[in-house]
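Me: I have a structure open and would like to go through it step by step. Could we begin with a single residue and its surroundings?

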Amino acid sequence: MNAVTSIVYASEDPSTFIDELQHLLPEHYEELCVTKDFPLAPDYAAYGRLTVHGMLRCITCRSEGNLIGYIIFIVQPHLHYMTCKTAFEDLYFVKKEFRQGRIGIRLFQYAEDVLRQDGVNRIIMHTKIHLDNSRLFEYLGYKHTDKLYTKILSTEPV
């Protein structure tokens, strides 16, 4: 990336960048997936249903018009706190060659601004143990509140 490259952040309808996302997801999967017992197979129909119900918020980051990063949230009232509109991070990613400077920080800040305008009260983010982004989230003002554990019960396809 050179110094004159302009970075554009936007809230986009997933249908506008689904083809580009499909090209980035394998890179995302290879780097971050900890359950490679299962093949990458996104349920695009489910994402479509969430979109129709106004529950999916997609924030993108582009360089020279090309998708270089994204954050996807599922937004709904929290099941435990009906008055707390919560954005649950589904996935986030920035291409490796764009992870310098403040590109990632600005992507998250832009997402927070969009979610704030949508009336979101709370954002819940995750980070992987093997690629820990805790320092980023702490810098952005997030608090470490939970630990997440997973267990594979079966690798048989559904």
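Me: Which residues does Thr-60 touch, leaving out those up to four places away in sequence?
Reply: Thr-60 touches Val-8, Tyr-9, Ala-10, Glu-12, Phe-17, Leu-67, Gly-69, Tyr-70 and Leu-107. Contact here means heavy atoms within 4.5 Å. Please note that this is a predicted model, in which local features need pLDDT of at least 70 and side-chain atom pairs count only at pLDDT 80 or more, while totals for chains, interfaces and linings use all residues. Residues are numbered from 1 along each chain as its sequence is written, and side-chain values use heavy atoms, with hydrogens and water left out.

Me: Is Thr-60 buried or exposed?
Reply: Thr-60 counts as buried because its relative accessibility is 0%. Buried means under 20% relative accessible area, exposed over 50%, and partly exposed in between, with a 1.4 Å probe and protein chains only.

Me: What joins the side chains of Thr-60 and Glu-12?
Reply: The two side chains of Thr-60 and Glu-12 are joined by a polar contact of 2.5 Å. A polar contact is a pair of N or O atoms within 3.5 Å; within protein, one must be able to donate a hydrogen and the other to accept it, and residues adjacent in sequence count only if both atoms are side-chain atoms.

Me: Where is Thr-60 placed?
Reply: Thr-60 is in strand β2. Strands (E, at least two residues) and helices (H or I, at least four) are DSSP runs, numbered from the N terminus.

Me: What is the strand order in the open sheet?
Reply: The 5 strands follow the order β1-β2-β3-β4-β5, with mixed pairing. Two strands pair if DSSP finds at least two bridges between them. At the edges are β1 (7-12) and β5, each of which pairs on one side only.

Me: How many bridges join β4 to β5?
Reply: Strand β4 (residues 85-94) and β5 run parallel and are joined by 3 bridges. Phe-88 has Ile-124 in β5 as its bridge partner.

Me: Changing topic, how confident is the prediction, as pLDDT?
Reply: The protein chain has an average pLDDT of 91, and 97% of the residues score at least 70. pLDDT is the predictor's confidence in each residue, from 0 to 100. Confidence is lowest in helix α1 (residues 18-32), with a mean of 85, and highest in strand β5 (residues 122-124), at 98.
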